[in-house]
Amino acid sequence: DAYLAAIDAANEKLNAYVAVTADKARQMAGASDARIAKGEAGALEGIPLGIKDLFATEGVHTQAASHILDGFKPRYESTVTANLWADGAVMLGKLNMDEFAMGSSNETSYYGPVVNPWRAEGSNADLVPGGSSGGSAAAVAAWLCAGATATDTGGSIRQPAAFTGTVGIKPTYGRCSRWGTVAFASSLDQAGPIARDVRDAAILLKSMASVDPKDTTSVDRPVPDYEAAVGQSIKGLKIGIPREYRVDGMPQEIEALWQKGVDWMRDAGAEIVEISLPHTKYALPAYYIVAPAEASSNLARYDGVRYGLRMTGKDITDMYEKTRAAGFGDEVKRRIMIGTYVLSAGYYDAYYLRAQKVRTLIKRDFEQVFEKGVDAILTPATPSAAFGVADQDMAADPVKMYLNDIFTVTVNMAGLPGIAVPAGLDARGLPLGLQLIGRPFDEETLFRTGHVIE
Ligand code: GLN
């Protein structure tokens with residue numbers, strides 16, 4: 001009831017929830033009470049969570065913040081949310097996001113932008129919460145839920161976490177099932193939690209993760225007790241600092257924050273080593289070929305026949321065209337056009353195939369570093385703190401928006417786990433985050449090292 005009242009009071013301003021499921025929440029909480037009374041409480045019994053609108057929730061609003069999925073209420077539950085409910089968690093509602101998870105500011109949503117609960121000192125201007133999981137990050141930061149589900153294709157968990165002073169982890173590709181999660185770029189998409197602190201993120205990920213016969217890319221490995229890693233010493237761990245992440249024009253305060261992170265690691269007994277990831281600079285351009293290519297294919301299913309919105313047309317082709325023209329927003333259309341172009345005959349070898357090769361090189365860069373005994377890699381999470389809603393520069397040039405992902409996309413391209421942890425404030429009093437990148441399926445080291453920073 002306290003969370004529902006908080007949502008009531010703040011959501012009009014923040015726009016974090018696109019649907020509040022109050023009746024369902026009370027019903028689930030009642031069932032939790034009964035299980036607690038019987039001594040059968042699950043690991044998340046009664047914990048109220050917000051769910052990103054990308055996860056299919058049975059009988060409940062699921063639109064990926066798109067007009068084209070108008071009125072869509074799936075008859076099935078995503079594996080990730082089913083896992084959470086099986087452990088006793090309670091659903092408060094569905095959270096706003098960039099349309100189909102495409103964006104870095106939560107401004108591409110059909111439901112309008114999410115407002116970051118943080119303000120710069122002495123200013124009343126609205127700031128973005130980051131994206132695409134902007135609703136998840138804002139809701140957690142403003143106490144409109146105890147934790148949230150999110151997804152990360154190129155930074156969408158870690159960048160909003162950094163912009164809102166919350167913790168977000170993108171686990172290894174394959175750790176969480178993608179079944180029932182609206183697909184953006186299937187070879188990159190991963191679910192993960194956004195939480196108030198590292199311990200909460202560890203508890204939530206344990207529940208979300210599973211092998212699932214319905215997603216053949218989910219991996220059959222036991223899910224460790226992540227919480228046990230929180231608070232463990234990092235003495236003797238080798239932390240890599242990648243030279244190539246010192247990008248031109250990096251603001252001084254990001255550089256200083258990174259250095260502070262290095263000092264904290266060293267003070268806690270870790271060994272700091274400089275490393276090289278030589279193909280880093282190709283990650284962003286390669287990502288913006290691979291992700292739109294997969295998106296253009298995944299979004300072909302929204303044809304006005306099977307789901308959501310249907311416009312009337314004089315024949316079926318006309319109906320498709322009118323539905324897709326009305327149903328998709330500008331950024332989604334841009335991705336479909338880029339994706340279709342890079343996959344087309346004559347351009348496939350020059351763009352898509354080449355981007356896939358670059359992806360292999362990026363993956364190898366990381367493998368070589370980990371083979372040399374590096375346990376985790378420390379980088380900034382974002383090149384800046386949160387920026388203003390309707391930022392003119394970003395609106396005029398989509399590439400400026402894409403640059404937000406410069407430190408995060410490499411992790412998705414290589415399929416590795418990455419965590420963003422709040423590490424300090426910028427000169428205007430806005431949160432900044434650091435990122436730790438780990439070996440495949442070694443989320444535990446990220447929880448250990450991340451806890452030292454938070
Ligand atoms: N900002 C990136 C994009 O727009 C990443 C999005 C994501 O991780 N879902 O593609």
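For "active site", the unreviewed UniProt entry lists Lys-52, Ser-132 and Ser-156. These residues are spread over 105 residues of sequence, yet they cluster in space. The largest C-alpha distance among them is 11.3 Å. The model examined here is predicted. In this model, Ser-132 sits in a loop. That loop runs between β3 (90–95) and α4 (134–141).

A pair of helices was then considered. Two packed helices are described by the angle between their axes and the distance between the axes. Helix α8 spans residues 252–267, and helix α16 spans residues 443–453. Their axes come within 9 Å. They cross at roughly 110 degrees. An angle of 65 to 115 degrees counts as roughly perpendicular, and α8 and α16 are therefore roughly perpendicular to each other. The crossing of α8 and α16 is right-handed.

Residues from both helices form the contact. Helix α8 contributes Gly-261, Trp-264 and Met-265. These meet Thr-449, Val-452 and Ile-453 of α16. The residues of this contact divide into four nonpolar and two polar, with no charged residue.

Conventions. Residues numbered from 1 in each chain as written. Predicted model: local features only at pLDDT ≥ 70, side-chain atom pairs only at ≥ 80, totals over all residues. Axes fitted to C-alpha atoms, helices over the stretch in contact; angles between N-to-C directions. Helix = DSSP H or I, 4+ residues; strand = E, 2+ residues; numbered from the N terminus. Parallel < 35°, antiparallel > 145°, perpendicular 65-115°, else oblique. Left-handed = near helix turned anticlockwise from the far one by under 90°. Contact = placed C-beta atoms within 7 Å. Nonpolar A, V, L, I, M, F, W, Y, C, P; charged D, E, K, R; others polar. UniProt positions renumbered as here; feature names shortened; annotations may be inferred.
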